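Good morning, colleagues. Please have the sequence and the coordinates open as I speak.

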Amino acid sequence: MNIMDFNVKKLAAEAGTFLSRAVQFTEEKLGQAEKTEFDAHLENLLSKAECTKHWTEKIMRQTEVLLQPNPNARIEEFVYEKLDRKAPSRMNNPELLGQYMVDSGNEFGPGTAYGNALIKSGETQKRIGTADRELIQTAAINFLTPLRNFIEGDYKTITKERKLLQNKRLDLDAAKTRLKKAKAAEARAASEQEVRIAQSEFDRQAEITRLLLEGISSTHAHHLRCLNDFVEAQMTYYAQCYQYMLDLQKQLGSFPSTVFANHNQSSTTCVPSSSSTTPSASVTASLSSVSNSAASSTFVELKSSSGSRKARVLYDYDAANSSELSLLADEVITVYSIPGMDSDWLMGERGNQKGKVPITYLELLN
């Protein structure tokens, strides 16, 4: 027998087996043939594996969305991963926002209150962007990769062995069907031998599949450890972000309170929500302490006297109404007090212009 004859016979045997399975499967669906059922333990293991695969895929996909909300970026990362190439480095959203804030702050002037605040906020956003990158990297290694390895590795092996088990089950039931139809003693003897062989192969494949499926419990234990790592990474990330924002809040709270007061006065046409107009207790405390420290004895003396003094402007100030005087940082103006004026304000003069100015924007000169 040459190789070609051997291959032809092999293909013919495979075709006969495929046809036999197809006939058996069709007759089972039509209720014309009996079906060997898996034992309850194996059925439970199969159900547990299917459930694990279903929810692992959902959790994995949603975690990817959480870490990278941009679908185009996810597709790009997927393509580069399949090509085994490193994706080009790009700014994430917090880093991009931070860069815009820093650039605008420098444009407005680092010496101005708003420009300085933008620069500080931008630097904080960049730090949050760095923390975001660290979270994504840690989550990818410690959480997403193990989940993906299960779907693309362990579960594929389970699926392959489960398909083999199904085929062995069809072979066994087809052999049993032929045994029932056999009439002659010689045919029955051959069919009985075929059933014994098919039963042996089915039992062996069922045992292999069962052992693989029992490994799902170990998979759950491994995924639990990975979940703990993911939660710890999130905890670190949010703690870092909270600390960054707390530090930023303290820095912004050091600006004069009249910056915020002026903003509220000049935006009376808007209808902001109560949450956006009510400062937190810590911000209020910071602003109050700054205001109190600014009202130094020199200002008290000036307000109690009838004279005037020269003062240097610390920050830009936009007048909220016609009774106030707009200021530019570093300019020198003349200031004095008039009876009945609020303790946080003085009268300022620049040439033939005059109006109320906030004392927290001023540094009296000798």
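Let me begin with a definition: an axis is a line fitted to C-alpha atoms, for helices over the stretch in contact, and angles run from 0 to 180 degrees between N-to-C directions. Helices (H or I, at least four residues) and strands (E, at least two) are DSSP runs, numbered from the N terminus.

The model is a predicted one, in which local features need pLDDT of at least 70 and side-chain atom pairs count only at pLDDT 80 or more, while totals for chains, interfaces and linings use all residues. Residues are numbered from 1 along each chain as its sequence is written, and side-chain values use heavy atoms, with hydrogens and water left out.

In outline, the protein chain contains 11 helices and five strands. Of its 366 residues, 33% count as buried; buried means under 20% relative accessible area, exposed over 50%, and partly exposed in between, with a 1.4 Å probe and protein chains only. A contact means heavy atoms within 4.5 Å. Among contacts in the protein chain with a separation of 6 or more, 68% are between residues 24 or more positions apart.

I turn now to the helices. Helix H2, residues 40-67, and helix H5, residues 113-181, have axes that come within 10 Å and cross at roughly 150°. Angles under 35 degrees count as roughly parallel, over 145 as roughly antiparallel, 65 to 115 as roughly perpendicular, and the rest as oblique. H2 and H5 are therefore roughly antiparallel to each other. Their crossing is left-handed, a term used if the near helix is turned anticlockwise from the far one by less than a right angle, with right-handed for clockwise. The contact of H2 with H5 comprises 16 nonpolar, three polar and six charged residues. In this classification Ala, Val, Leu, Ile, Met, Phe, Trp, Tyr, Cys and Pro count as nonpolar, Asp, Glu, Lys and Arg as charged, and the others, Gly among them, as polar.

H5 also packs against helix H6, residues 185-214, at an angle of about 160°, with the axes 8 Å apart. H5 and H6 are therefore roughly antiparallel, and the crossing of H5 and H6 is left-handed. Their contact divides into 13 nonpolar, five polar and 11 charged residues.

How do H5 and H7 pack, and at what angle? The angle is about 175°, and the axes of H5 and H7 are 9 Å apart. That makes H5 roughly antiparallel to H7. The contact of H5 with H7 has 21 nonpolar, 10 polar and six charged residues.

Is Gln 234 buried or exposed? Gln 234 is buried, with a relative accessible area of 19%. Leaving aside neighbours within four places in sequence, Gln 234 is in contact with Leu 66 and Leu 135.

Next, the sheet. Five strands form an open sheet in the order E4-E3-E2-E1-E5, with antiparallel pairing; two strands pair if DSSP finds at least two bridges between them. Strand E4 (353-358) and strand E5 (362-364) stand at the edges with a single partner strand each, so one side of each has no neighbour in the sheet. From one strand to the next, the twist averages 40°.

Within the sheet, strand E1, residues 308-313, is joined to strand E2, residues 332-336, by five bridges, and the two run antiparallel. Lys 310 has Thr 334 in E2 as its bridge partner. Strand E3, residues 345-350, pairs with E4 in the antiparallel sense over six bridges, and Leu 346 has Val 357 in E4 as its bridge partner. The hairpin of E3 and E4 has two residues between the strands, and Gly 351 there takes a positive phi near 65°.

Finally, Asp 330 sits in the loop between E1 and E2. Asp 330 is exposed, with a relative accessible area of 54%. Its phi is positive, about 80°, although Asp 330 is not a glycine. Not counting residues up to four places away in sequence, Asp 330 touches Arg 312 and Val 313. Asp 330 and Leu 362 are 32 residues apart in sequence and 9.5 Å apart in space, C-alpha to C-alpha.
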